[in-house]
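Dear colleague,

Here is the structure I said I would pass on. My notes on one helix and its surroundings follow below.

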Amino acid sequence: MSVHLFEKLTYDEDDWCILEEAHIRACGLLGEPPVSYKNADRLARHIMKLFNAGVRDFEMIATIAAHREILLDRKATYH
């Protein structure tokens, strides 16, 4: 594995700060504390996907991720 590929597959300290802030903010938008949100893993995975796609604004990541969670919860409720 080349160093360049390794760098793409890892997060530095600044990256982790953005990811953490996005997760905390998204949980806040959902009205849930991060430690007890029932779909925290799913939310975290979506946040990481957005980050990996190039989104770096934690507010934008949080808003998109929270909106997705709301839609998924609604979908589950109707089925």
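Predicted model: local features only at pLDDT ≥ 70, side-chain atom pairs only at ≥ 80, totals over all residues.

The buried residues of α3 are A40, L43, H46, I47, L50 and F51. Seen down the helix axis, these buried residues fall within an arc of 140°, so they line one face of α3. On the other side of the helix, D41, K49 and N52 are exposed. The cover over the buried residues of α3 includes α2 (13-29) and α4 (58-78). Just after α3 comes G54, which takes a positive phi of about 110°.

I also looked at how α2 and α3 pack. Their axes are 10 Å apart and the packing angle is about 130°. An angle over 145 degrees would count as roughly antiparallel, and 65 to 115 as roughly perpendicular; α2 and α3 are therefore oblique to each other. Their crossing is right-handed. On the α2 side the contact is made by D15, I18, L19, A22, H23, A26 and C27. The α3 side contributes A40, L43, A44, I47, M48 and F51. Among these contact residues of α3, A40, L43, I47 and F51 are also buried.

Regards

Methods:
Residues numbered from 1 in each chain as written. Heavy atoms only, no water. Buried < 20%, exposed > 50% of the residue type's maximum accessible area, 1.4 Å probe, protein only. Helix = DSSP H or I, 4+ residues; strand = E, 2+ residues; numbered from the N terminus. Arc of directions from axis to C-beta. Contact = heavy atoms within 4.5 Å. Axes fitted to C-alpha atoms, helices over the stretch in contact; angles between N-to-C directions. Parallel < 35°, antiparallel > 145°, perpendicular 65-115°, else oblique. Left-handed = near helix turned anticlockwise from the far one by under 90°.
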